[in-house]
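Please read it with the model open beside you.

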Amino acid sequence: MEYRTLGGSGTVVSTYALGTMTFGNETDEDGAHEQLDRYVEAGGNFVDTADVYTAGASENIIGHWLAKSGARDNVVLATKGRFPMGDGPNDLGTSRRHLRQALDASLTRLGVDHVDLYQLHSWDPITPLQESLSFLEDAVRAGKILYGGLSNFTGWQLQKACDLIDRRGWSPLVTLQPQYNLLVREIEWEIIPAAQDNGLGLLPWSPLGGGWLTGKYSFDEEPTGETRLGDDPNRGVESWFRRSKNQRVRDVVEAVRAIAEARGVSMAQVALAWLVDRPAITSVILGARTMTQLDDNLAAADLYLTPEETQRLDEASDPGAADYPYGGPGVDQRNRPIAGGRA
């Protein structure tokens, strides 16, 4: 396992984080504790959760493991707040009222007096951004969180947050947690440059494209059985009905498969190895239902792609930006030769 700083902070985390969205749902408590033990044994030290994961069950399970293992001092712990934890109008969002309740409830479930990273789980179109960010600053000053971060923010939203924090002299944000994988690269157009310019490290979620990059889904037969798309083939951005008809998805999966077969490794390991070396990545969030999946994912820490393999994946997964503003002519318009001239 390798290590990097948590964005622009001095805290060090492993390049692969353990995501815990399956805990309490697809993975029971015993299985979750087994995963946590194995992850730490492999050198991992960064555990990511959220209050909304299985309605708080994920945090409870992690809290029980922390108490049993005594591992709190060796684990960088991250959670999030924003999504509904009740039916009332104030049981969601990033208002000071809801975030205060959400953070205190998370600390109780986790059995800790602070978390290392607390993230706004998504943009809130109702709450003034200053209100949300001032809560993070107060939580830092109170010692309840060490760092603040964002998740699922667009480029302009991220920049607005960083500018406001800079003007107020508040503690800088350290991370952004977006969806990012070989099938979802559009964040490279605006979001990643904004994160880099503000010193935020990326914590990609869904690095395997909801299972598509593992090769387990057929393009010709609707999925069934104990998989996420087997339970719901039309599930979110991973929808089998959309992706199975997308030629770019087919091209990416075949490129990953070819490299995996040539290397004698799994497709998941190839997809993870590509992502972990992208610019601005701090830690890639692994999400496994079983120990077999986790062991396979952790093996990606020992896999390094060649420049030729990376180029092949880059070309197959290129989302094909239109000429303006993100394609060639638009990019050229924003560049300039240092020597000047009319050419």
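1. A caution before the details. This is a predicted model. Please read every value below as computed from that model.

2. Start with threonine 79. It sits in strand β5, which spans residues 76-81. Threonine 79 is buried, because its relative accessible area is 0% and the cut-off for buried is under 20%. Its side chain makes a polar contact with the side chain of glutamate 59, at 2.6 Å.

3. Now the surroundings of threonine 79. Set aside the neighbours within four places in sequence. Threonine 79 is then in contact with Thr49, Ala50, Asp51, Glu59, Ser106, Val115, Leu117, Tyr118 and Gln119.

4. The largest pocket has a volume of about 800 Å³. It is lined by 37 residues, and those closest to its centre are Met21, Ser206, Arg228, Glu238 and Gly287. Helix α11 gives the most, with three residues. By class, the lining of the largest pocket has 14 nonpolar, 16 polar and seven charged residues.

5. The second largest pocket has a volume of about 250 Å³. Eleven residues line it, and the closest to its centre are Asn25, Glu26, Arg228, Asp231 and Arg235. Its lining has one nonpolar, four polar and six charged residues. Note Arg228: it is listed among the residues closest to the centre of the largest pocket and of the second largest pocket.

6. Aromatic pairs next. The count comes to six. Tryptophan 189 and tyrosine 326 form a stacked pair, 5.1 Å centre to centre with 20 degrees between the planes. Tryptophan 189 lies in the loop between β8 (175-177) and α6 (191-197), and tyrosine 326 in the loop between α12 (307-317) and α13 (328-333), so the pair ties together parts that are 137 residues apart in sequence.

7. Tryptophan 212 and phenylalanine 219 form a tilted pair, 5.4 Å centre to centre with 45 degrees between the planes. Both of these residues are buried. Elsewhere, ring pairs link Trp123, Phe153 and Trp156 into a cluster.

Terms used. Residues are numbered from 1 along each chain as its sequence is written. This is a predicted model: local features need pLDDT of at least 70, side-chain atom pairs count only at pLDDT 80 or more; totals for chains, interfaces and linings use all residues. Side-chain values use heavy atoms; hydrogens and water are left out. Helices (H or I, at least four residues) and strands (E, at least two) are DSSP runs, numbered from the N terminus. Buried means under 20% relative accessible area, exposed over 50%, partly exposed in between (1.4 Å probe, protein chains only). A polar contact is a pair of N or O atoms within 3.5 Å; within protein, one must be able to donate a hydrogen and the other to accept it, and residues adjacent in sequence count only if both atoms are side-chain atoms. Contact means heavy atoms within 4.5 Å. On a 1 Å grid over the protein atoms alone, a cavity is a set of points where a 1.4 Å probe fits but cannot get out, and a pocket is an open set with protein on both sides within 12 Å along at least five of seven lines; lining residues have an atom within 4 Å of a point. Grid points are joined across faces, edges and corners, and a volume is the space filled by probe spheres set on the points. Ala, Val, Leu, Ile, Met, Phe, Trp, Tyr, Cys and Pro count as nonpolar, Asp, Glu, Lys and Arg as charged, and the others, Gly among them, as polar. Rings of Phe, Tyr and Trp (its six-membered ring) pair if their centres lie within 6.5 Å; planes under 30 degrees apart count as stacked, over 60 as edge-to-face and the rest as tilted.
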